[in-house]
Amino acid sequence: MKLSMVIPTYNERDNIPKLIQKIQEEFKENKIDGEIIMVDDNSPDGTGKILEDLKKKYKNLKVIHRTGKLGLSSAVLDGWKIANGEVLGVMDADLSHPPEKIKELFWEIEKGEADFTIGSRYVKGGEIKGWTLKRKLMSKTATLLARIYTKVKDPMTGFFMIKKEVIRDAELNPKGFKILLEVIIKGRYQTIKEIPITFINRVEGKSKAGTKEILYYLRNLAGYLSYKKKVIKEFFKFAIVGGIGTLVNVVILYLLTEKAGIYYIISAIFSFVIAMTSNFILNKIWTFEESIKSETAKKYLQFGLVSTTALLINLIFLYLFTEIFGVYYIISQILAIGMALIINFLGNKIWIFNK
Ligand code: GDD
Ligand code: MN
């Protein structure tokens, strides 16, 4: 199989000669039939000129020059358009992604073990070096949000490979930074394999991820709901289970207090636990369609934790709306239940029922 690696550049003058040389060595040592497609957005630092010079040296190097900074995702898509390989790859130009891992990502596809491979920082053995705490937190948050849609541990990485067929019928959005997530959501594939990598923060040049990229990301994320209708279905089922739980709670409270003669505060504790347990079982087998046996004890504890947190959030919003914004307390409670429901659902979807 032939491999086409696309590498978008914007002001990467000091990184590309070394990167391209390393990739060429990797191709040669591992007998990979590969080409490199650089997509430069008219970098003011003269990256384009350096690429033209390098093109004379390497005959498997293609260069696309675009008119201006048109964005990372669209650069990748433009590169793939002229690719000859059956396998399409992407990596960053700033030496953050280890070229030594190209072979592993490629071989898994070549051997037929996967049709989609990801250089992952968030699987065992993967790592990030040199990021500030702020950048790490932002990456983690973005990653967690993406887990609403995918089990992939690192759907935000910029280093991955696919078989060409994966995106044959997909309409990929060229706006933004997160082309991998686009492919995960819209592509057609059987097996994804994540391979651990160490991401090393760039030494030369500056990161181009900014506020605009974050806003694009959030907008794209909302748009993915229409591709993943399953999430909407799960949300409604989850809400219904919540309703059933409330009913169970009240009925048991009544029965224990009136028929069994138990003090109502004690009954309330029992009825809460029973309702939570029935909610757990219903969500596990009906909402999220898991077998009842898989990791039941662990998930039950997690479920208890998320439920309690949701209750706390409910109370906090109830208080805020009523006391700070002067909303009538019944209306506050309706709003607060809505907020708590969404957070409760996300907690369940992202943390508990996402294996
Ligand atoms: N052609 C082109 N046009 N290239 C671009 C543009 C653009 O508008 N913006 C960025 N690039 C290139 C950079 O030159 C670099 O090679 C690569 O895209 C990644 O950009 P960086 O600026 O280095 O991004 P980062 O290090 O902050 O983010 C990386 O890590 C993230 C993981 O958290 C990227 O790999 C992201 O895709 C990834 O999500
Ligand atoms: Mn970078």
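Modeller: Let us start with the ligand, where an oxygen atom of ligand 1 is 2.8 Å from a polar backbone atom of Pro 8, a polar contact being a pair of N or O atoms within 3.5 Å. This is a predicted model, in which local features need pLDDT of at least 70 and side-chain atom pairs count only at pLDDT 80 or more, whereas totals for chains, interfaces and linings use all residues. Residues are numbered from 1 along each chain as written, chains are lettered from A and ligands numbered from 1 in the order written, and side-chain values use heavy atoms, without hydrogens and water.

Colleague: How far is an oxygen atom of ligand 1 from an N or O atom in the side chain of Asp 92?

Modeller: That separation is 2.4 Å, while for the side chain of Lys 69 an oxygen atom of the ligand is 3.5 Å from an N or O atom. The protein covers 98% of the 750 Å² of accessible area that ligand 1 has on its own, by the Shrake-Rupley method with a 1.4 Å probe.

Colleague: How many residues surround ligand 1?

Modeller: Counting residues with a heavy atom within 4 Å, there are 26, and among the closest are Glu 12 and Met 156.

Methods:
A polar contact is a pair of N or O atoms within 3.5 Å; within protein, one must be able to donate a hydrogen and the other to accept it, and residues adjacent in sequence count only if both atoms are side-chain atoms.
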